[in-house]
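Subject: Structure handover

Hi,

Here is the structure for you to look through. My notes follow below it.

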Amino acid sequence: MNNDAFLQAMQSRFACKIFDKTKKIPNDEFQAILESGRLAPSSFGLEPTRMILVESNEMRERVKEACWGQNQIVDASCVIIYTSLKVDMLPHTNYIINKFSRRLKTQEEIKHYANERYGQRKLETLGYTADIEKLGLWSGHQAYIMATTMMNHAAFLGIDSCMIEGFDKKALESVLEMDSFKEQVSLLLCLGYRNMPQSKRLRMSLDEIVRSI
């Protein structure tokens, strides 16, 4: 892949609001997009993001209602809901210990990393450990990394996308029968093929957004 091909894909990417409901993404391409999400980076390598594929028509209608009636939910070829772990992200949970044990050899190293590097330097400094909801927001940041990776991969394959942040969080989590103490919905991603012209791309110049120090 060369720079021109990737940048051309980025130029063609836009928030597609109207999908062609008759066109479906080939399964091999969708599986490749899912794999790129699995390989996406996450802070400390903790992988707190989960994906829910909304496939049934009945569930899509219910999700659409919780997303304020956005038609992309029912028209897109594929709809992904990204959820993020909350309470499991606290420093002393089995989840965190197990994740760090993949790379660290001794229990002493694991506890030191979990308590000081992760618990104190990261979470306590940012004020996350005292508030599960704030911890969930930080965990949710990782979902955006995964979704963006997948969205860019889709664009390179000529597949359109629309990231959705507009939804009734409580209603959607109720539809999904989620335990909101343990997990939360962070965002949705619709993938498919456009049935509308691309909107004009409006972006600031590099000089306006980049500075050297």
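K86 and E133 meet through their side chains in a salt bridge, 2.9 Å from N to O. A salt bridge here is a side-chain nitrogen of Lys or Arg within 4 Å of a carboxyl oxygen of Asp or Glu. The pair links distant parts of the chain, 47 residues apart. K86 sits in the loop between β2 and α5, and E133 in helix α7 (residues 132–156). Helices (H or I, at least four residues) and strands (E, at least two) are DSSP runs, numbered from the N terminus. K86 is buried, with a relative accessible area of 1%. E133 is partly exposed, at 43% relative accessibility. The cut-offs: buried is under 20% relative accessible area, exposed is over 50%, and partly exposed is in between (1.4 Å probe, protein chains only).

A word on the source. This is a predicted model, in which local features need pLDDT of at least 70 and side-chain atom pairs count only at pLDDT 80 or more, while totals for chains, interfaces and linings use all residues. Residues are numbered from 1 along each chain as its sequence is written, and side-chain values use heavy atoms, with hydrogens and water left out.

**Other salt bridges**

The whole structure holds seven salt bridges. E47, K99 and R102 are linked in a network of them.

- K99 bridges to E47, with the closest N and O atoms 3.0 Å apart. K99 lies in helix α5 (residues 94–101) and E47 in the loop between α2 (27–38) and β1, so the pair ties together parts that are 52 residues apart in sequence.
- E47 also bridges to R102, with the closest N and O atoms 2.9 Å apart. R102 lies in the loop between α5 and α6 (107–126), so this pair ties together parts that are 55 residues apart in sequence.

E47 is partly exposed at 31%. R102 is partly exposed at 48%.

**Strand β2**

Why is β2 largely enclosed by the rest of the structure? Eight of the eight residues of this strand (residues 78–85) are buried, so the rest of the structure largely encloses it. Both faces are covered. C78, I80, Y82 and S84 are buried on one side. V79, I81, T83 and L85 are buried on the other.

β2 pairs with two strands that I want to flag. Strands count as paired if DSSP finds at least two bridges between them. Strand β1 (residues 49–53) pairs with β2 in the antiparallel sense over five bridges. Here I52 stands opposite I81 of β2. Strand β4 (residues 183–192) also runs antiparallel to β2, joined by eight bridges. E183 in β4 is the bridge partner of L85.

**Surface patch**

F6, L7, F156 and L157 form a nonpolar patch on the surface. Together they have about 330 Å² of accessible area. Patches are made of residues with over 30% relative accessible area and no salt bridge; like charges are joined within 9 Å, and nonpolar side chains (Val, Leu, Ile, Met, Phe, Trp, Tyr) within 5 Å. Accessible areas come from the Shrake-Rupley method with a 1.4 Å probe; for residues, only the protein chains shown count as cover. L7 belongs to helix α1 (residues 3–12). L7 is exposed, with a relative accessible area of 52%.

**Domains**

The domain assignment gives domain 1 (5–86 + 135–208) and domain 2 (91–128). These bounds come from an automatic or database domain assignment. The C-alpha centres of the two domains lie 30 Å apart. Ten residues of domain 1 are in contact with eleven residues of domain 2. Contact means heavy atoms within 4.5 Å.

**Overall**

The protein has nine helices and four strands. From the N terminus, the order is α-α-β-α-α-β-α-α-α-β-α-β-α. The C-alpha trace spans about 55 × 45 × 35 Å along its principal axes. Of the 213 residues, 41% count as buried. Among contacts between residues at least 6 apart in sequence, 78% join residues at least 24 apart. The protein exposes about 12,600 Å², and carbon and sulfur atoms supply 51% of that area.

Best wishes
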